[in-house]
Amino acid sequence: MTNKNEILFARAQKTTPGGVNSPVRAFRSVGGTPRFITRAEGAYFWDAEDQRYIDYIGSWGPAIVGHAHPDVVKAVQEAAARGLSFGAPTEGEVLMAEEICNIVPGVEQIRLVSSGTEATMSALRLARGATKRDKIIKFEGCYHGHADALLVKAGSGLLTFGNPTSAGVPEDFSKHTLVLDYNNSQQLEDVFQSIGDQIACIIVEPVAGNMNLIRATPEFLQTMRRLCTKHGSVLIFDEVMCGFRVGLQGAQALYGIQADLVCMGKVIGGGLPVAAFGGRADLMAHMAPLGGVYQAGTLSGNPVAVAAGMTTLKIIQQPGFYEQLTAQTRKLADGLTAVGQQAGFDFCADAVGGMFGLYFAAQIPDSYAAMMATDKGKFNRFFHLMLDAGVYLAPSAFEAGFVSIAHDDAIIDTTIAAAKQAFSTL
Ligand SMILES: *Cc1c(COP(=O)(O)O)cnc(C)c1O
């Protein structure tokens, strides 16, 4: 064995389960050897063999301004030189909270945490604490991090509470989680009709990015807003992925719907571990030390991470940033759709802001079931042809892709040309 990626992967598997610290990195879905990344700049990263790739995962979202942006790197270096962590409040956290409250509709107060999982887990606890109710609603195919109550798949039939999707989650923990179909408003109506007064919250990805990309219909989100208001349930938008990605103000602004709580992550850390949850001040007042809902974190609001996040937030607010990001991502989606269809495949693509989905299907899927029916085998072969051509797509047919502001016309054109070649081989 001489390939450095293979050597590293073999070594990694001796000391780390599956050789990776987060499962999708292992390439299990597409097969083959994961690339071990040594460095990244702009729209590119390089693996252990010094092979360069156009990167379309962008660390799964955070790298929106491009990798190793000089302003972000400088801010991190300066913050690091002042000390890595204090366990006491800093001005940086105040500025970051003010910045996010200014940008994100309806967010009056916010708490910083270190991962999206912490953000959703804490928002859920807050919703339950504030409503004094236990039951929650989530939708099949939405991912909200790996907290016990959220690793739940649909039970059979409406009003059947879910089964754990992970070993190690007691059924007692998942029995309060009701799993419904994404984009199915009637199911929501039916459930609220029968047990609306027991529902603490709905948690939803308003633009779903963890079952590939699926847009919520406006009606679906409007229905949940109306039902939550009527029944005193908390509406939680999990914008860990789509926040600051589908547009500066996230899915709330895109759909003109305000949630009660919003979870954020990925982009707001700019590549370092920052996530957050926030929303209505009367709800946030239930958080310790003010209220009875406990939540804490040794590294929450870490000064180095906040420096990276804050600098990223400044860059994305520069005039024209989202217009350009959206245009480039649309150009990519339309270009890929064109070459795929010209080659005779049932293939299409969609883009919202700076995220996109690729589907081996005749039509853009609008439900979990439709997504599961797409041609995974074709995607896997396409993935490897693109990888060999130096284009790194998400290593799964059921993950979204991400474009950064550093993906210029030449890079998008190169990608589409590579795809044209891949489709002709496929
Ligand atoms: C990534 C993600 C999470 C989990 O965030 P981590 O930082 O990986 O814990 C939660 N919700 C959504 C929608 C995500 O995309």
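Author: Let us begin with one residue. In this predicted model, Trp46 touches Phe36, Ile37, Thr38, Arg39, Ala40, Glu41, Gln51 and Arg52, leaving out residues up to four places away in sequence. Trp46 belongs to strand S2, residues 44-47.

Reader: Why is Trp46 called buried?

Author: The relative accessible area of Trp46 is 13%. Buried means under 20%, so Trp46, at 13%, is buried. As for its place in the chain, Trp46 and Ala397 are 351 residues apart in sequence, and their C-alpha atoms are separated by 23 Å.

Reader: What makes the rings of Phe139 and Phe220 an edge-to-face pair?

Author: The structure holds 21 aromatic pairs. In the pair of Phe139 and Phe220, the ring centres are 5.0 Å apart and the planes stand at 70 degrees. Rings pair if their centres lie within 6.5 Å, and planes over 60 degrees apart count as edge-to-face; the pair therefore meets both conditions. Phe139 lies in strand S5 (residues 135-139) and Phe220 in helix H7 (residues 218-231), so the pair ties together parts that are 81 residues apart in sequence.

Reader: How do you know whether Phe139 is buried or exposed, and what of Phe220?

Author: The relative accessibility of Phe139 is 0%, and for Phe220 the value is 0%. The limit for buried is under 20%, so Phe139 counts as buried, and so does Phe220.

Reader: Which residues do ring pairs link into a cluster?

Author: The cluster consists of Phe27, Phe45, Tyr53, Phe379, Phe383 and Tyr392.

Reader: What makes Ser174 a buried residue?

Author: Ser174 has a relative accessible area of 0%, and because buried means under 20%, the term applies. Ser174 is found in helix H5, residues 171-174. Apart from neighbours within four places in sequence, Ser174 is in contact with Val152, Gly162, Asn163 and Pro164.

Reader: Why is Trp60 described as buried, and why is Ala68 described as partly exposed?

Author: Trp60 has a relative accessible area of 15%, under the 20% limit, and is therefore buried. Ala68 has a relative accessibility of 46%. Trp60 lies in the loop between strand S3 (52-55) and helix H2 (70-81), and Ala68 is found in the loop between S3 and H2. Although Trp60 is not a glycine, its phi is positive, at about 70 degrees; Ala68, also a residue other than glycine, has a positive phi near 50 degrees.

Reader: Where is Pro289 placed, and what is the peptide bond from Ala288 to Pro289?

Author: Pro289 is in the loop between helix H9 (281-284) and helix H10 (303-316). The bond from Ala288 to Pro289 is cis, with omega near 10 degrees.

Terms used:
Residues are numbered from 1 along each chain as its sequence is written. This is a predicted model: local features need pLDDT of at least 70, side-chain atom pairs count only at pLDDT 80 or more; totals for chains, interfaces and linings use all residues. Side-chain values use heavy atoms; hydrogens and water are left out. Helices (H or I, at least four residues) and strands (E, at least two) are DSSP runs, numbered from the N terminus. Buried means under 20% relative accessible area, exposed over 50%, partly exposed in between (1.4 Å probe, protein chains only). Contact means heavy atoms within 4.5 Å. Rings of Phe, Tyr and Trp (its six-membered ring) pair if their centres lie within 6.5 Å; planes under 30 degrees apart count as stacked, over 60 as edge-to-face and the rest as tilted.
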